[in-house]
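Welcome to a short tour of this model. Have the sequence and the 3D view at hand, and let us start with how the copies relate.

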Protein chains: 2
Amino acid sequence: MTPTLDEIAALTHVSRATVSRVINGGPVAEATRRRVLGVLEQTNYRPNAAARTLAMGHSGVVGVVMHIDSHLLFQDPYFAQLLQGISDVLSEREAAMMLWVGNRTKEETLDNILRRGMLDGVIVTANYQEDPLVDGLLASSIPTVLVGHRAADPTASYVDIDNAHAADTVTSHLVKIGRRRIGHITGARGTGAAEDRLTGYRRAMQRAGLLTDGLIVEGDFNRASGITGAAQLLNAGADAIFCANDAEASGALETIRARGLCVPEDVALAGFDDLEFSAHLDPPLTTIRQGVRQQGSEVANVLFELLRDPNGGPRRVLLPTELVIRQSTVGGVQRG
Amino acid sequence: MTPTLDEIAALTHVSRATVSRVINGGPVAEATRRRVLGVLEQTNYRPNAAARTLAMGHSGVVGVVMHIDSHLLFQDPYFAQLLQGISDVLSEREAAMMLWVGNRTKEETLDNILRRGMLDGVIVTANYQEDPLVDGLLASSIPTVLVGHRAADPTASYVDIDNAHAADTVTSHLVKIGRRRIGHITGARGTGAAEDRLTGYRRAMQRAGLLTDGLIVEGDFNRASGITGAAQLLNAGADAIFCANDAEASGALETIRARGLCVPEDVALAGFDDLEFSAHLDPPLTTIRQGVRQQGSEVANVLFELLRDPNGGPRRVLLPTELVIRQSTVGGVQRG
DNA sequence: TTGTACGCGTTATCAT
DNA sequence: ATGATAACGCGTACAA
């Protein structure tokens with residue numbers, strides 16, 4: 001067992017306060033400092049985190065809440081990358097991370113987090129427009145930052161990408177290469193990402209003076225919905241398809257090729273996310289790259305800023321995205 | 001802010017001790033219990049975790065340490081699945097999870113964990129035979145369970161799969177379908193999984209009276225090493241290739257087809273892991289399925305058992321695996 | 001520069 | 001059944 005502060009004090013013939021000072025950098029004579037430090041090393045002393053938290057009023061622990069479907073957790077590297085980005089910054093700041101994933105109802109998870117207490121702050125993924133878990137966190141006294149955002153709550157701090165802008169960019173790219181009947185397979189309804197990407201698509205189409213009748217079909221971010229969605233859009237005579245993410249796009253590609261059509265000659269195809277496999281599809285997929293890991297570090301940074309100055313008002317960050325043009329929209333281009 | 005026990009006591013005109021009793025289920029008159037419970041609800045009281053930990057001597061927090069390369073974290077769903085399995089059991093037991101991933105050196109991470117203290121137990125992935133992080137954890141006073149194991153340490157509790165047995169099974173399957181020159185692309189050297197799978201391969205070959213000269217090439221669990229490794233093995237006249245994991249196998253498949261060879265007619269191919277994509281390769285891949293999520297819940301269960309009875313000696317669990325036969329080894333078989 | 005003493009919020013022991 | 005009171009280990013004004 002690690003010794004207590006009192007025991008160190010006894011061993012080194014000073015008061016507990018002095019020992020505390022050499023640990024936390026208070027004023028102490030060089031001679032005694034060295035003596036205490038020696039004993040500290042020898043005894044392999046480690047301060048008790050609970051006692052420290054109790055005395056100081058903060059724990060150095062940040063909660064990370066990713067309450068998403070488990071099958072999504074598996075198939076998508078998004079989760080791992082985001083976590084890595086968050087963890088990068090936390091470890092840099094000597095903070096620890098307490099993690100919750102979605103194996104309970106949102107209400108139970110919320111209760112768990114609040115009951116656990118002593119969290120300096122919380123980072124939570126906010127995919128859906130309505131979410132009791134996010135609501136509860138925001139309503140609590142714990143400083144909270146969202147990954148993603150909800151238009152409904154203007155007081156919340158968040159880090160997100162500009163989904164509408166990015167979708168607009170992709171769609172405009174399809175317009176620019178001469179497509180007229182550009183279809184869109186949406187993401188899962190109720191998610192901010194899906195709604196905003198749809199908005200961006202609509203905006204670009206309208207600006208180009210193109211109609212969208214019969215060219216919007218509902219998907220759910222999964223590959224399967226790309227397969228069925230593409231079938232509908234091809235029947236509607238689409239000459240381009242913008243999928244709400246790359247998983248859908250890979251499904252759409254399957255449908256297109258099954259019909260003997262060529263990409264991009266007959267149908268141009270674009271996705272969103274730039275997952276690992278997207279560059280290795282045949283043909284490689286035009287898509288939107290979002291730096292997920294960077295998103296993670298950014299949200300952690302925002303949280304620390306919030307902790308530093310709690311009265312500075314909500315922080316809102318929109319991270320840039322990048323249109324990655326590959327052969328699924330521009331056939332003869334050289335490989336990148 | 002959540003009120004303190006003293007404040008509740010004042011509001012309800014009883015002592016702090018009594019309030020504590022109604023919370024933790026001590027003997028208390030039904031009348032007062034109801035009265036206190038009411039105030040507890042109204043004030044939305046939440047016990048202070050740090051104070052509780054300090055008083056009780058345990059925190060209800062379990063550390064989970066996955067110190068692996070970040071690119072491995074991304075490409076492999078193993079991480080997410082394992083985490084999910086662990087989390088399933090932890091949340092069931094009302095425990096919280098503190099997570100460390102590998103964005104520091106192992107020594108720094110170890111120091112972080114130990115410094116954090118107040119962890120009831122730790123679960124750590126032990127991929128390499130030598131690992132200062134695992135060593136440090138085992139040497140500490142914190143109850144620790146490994147995912148994977150190291151032959152060197154007989155006192156450690158762990159949960160693993162029987163890699164040698166599984167590899168033996170795959171190799172024997174290849175023998176059974178008539179292959180004689182069965183090559184093996186190993187995993188990353190120094191990892192227990194790679195060594196044990198190699199051992200199993202060797203064992204099966206020897207039992208079948210087959211030679212392995214020139215049929216073993218070193219890989220590193222990545223797709224790229226499958227590509228180059230397969231080239232070497234084909235040059236050596238292999239009529240079957242057993243890869244240490246599915247990622248390698250997908251690379252090997254690329255090489256084989258690039259040479260105009262047919263799978264399984266010219267070269268049979270097998271992997272290990274049964275990742276999501278493995279069933280969708282062309283042809284679908286014969287491989288070993290290991291229930292990673294189950295592995296996660298099992299290791300958590302083992303930890304709790306260890307906490308319940310610390311003197312029960314080390315717990316060692318080998319989870320079963322399953323040979324999944326697909327068309328990459330048995331051509332004409334119906335899809336499953 | 002150093003020591004004393006109190007507070008942090010709970011649990012647990014001992015009286016009553 | 002209930003109420004004092006002592007831990008739990010540490011930080012920190014305040015005093016010396």
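The model is predicted: local features need pLDDT of at least 70, side-chain atom pairs count only at pLDDT 80 or more, and totals for chains, interfaces and linings use all residues. Residues are numbered from 1 along each chain as its sequence is written, while chains are lettered from A and ligands numbered from 1 in the order in which they are written.

**Around DNA strand C**
- Of the 25 residues around DNA strand C, Ala29(A), Leu5(B), Asn48(B), Ala51(B) and Ala55(B) come nearest (near: C-beta atom, placed from the backbone, within 6 Å).
- Helix H2 (16-24) and helix H4 (49-56) of chain A, together with helix H2 (16-24) and helix H4 (49-56) of chain B, each give two or more residues to this surface (helices are DSSP runs of H or I, at least four residues, numbered from the N terminus).
- By class, the surface near DNA strand C has 15 nonpolar, seven polar and three charged residues (nonpolar: Ala, Val, Leu, Ile, Met, Phe, Trp, Tyr, Cys and Pro; charged: Asp, Glu, Lys and Arg; polar: the others, Gly among them).

**A helix pair in chain B**
- Helix H9 (residues 163-176) of chain B packs with helix H10 (residues 192-207) of chain B at an angle of about 40°, their axes 7 Å apart.

Terms used. Axes fitted to C-alpha atoms, helices over the stretch in contact; angles between N-to-C directions.
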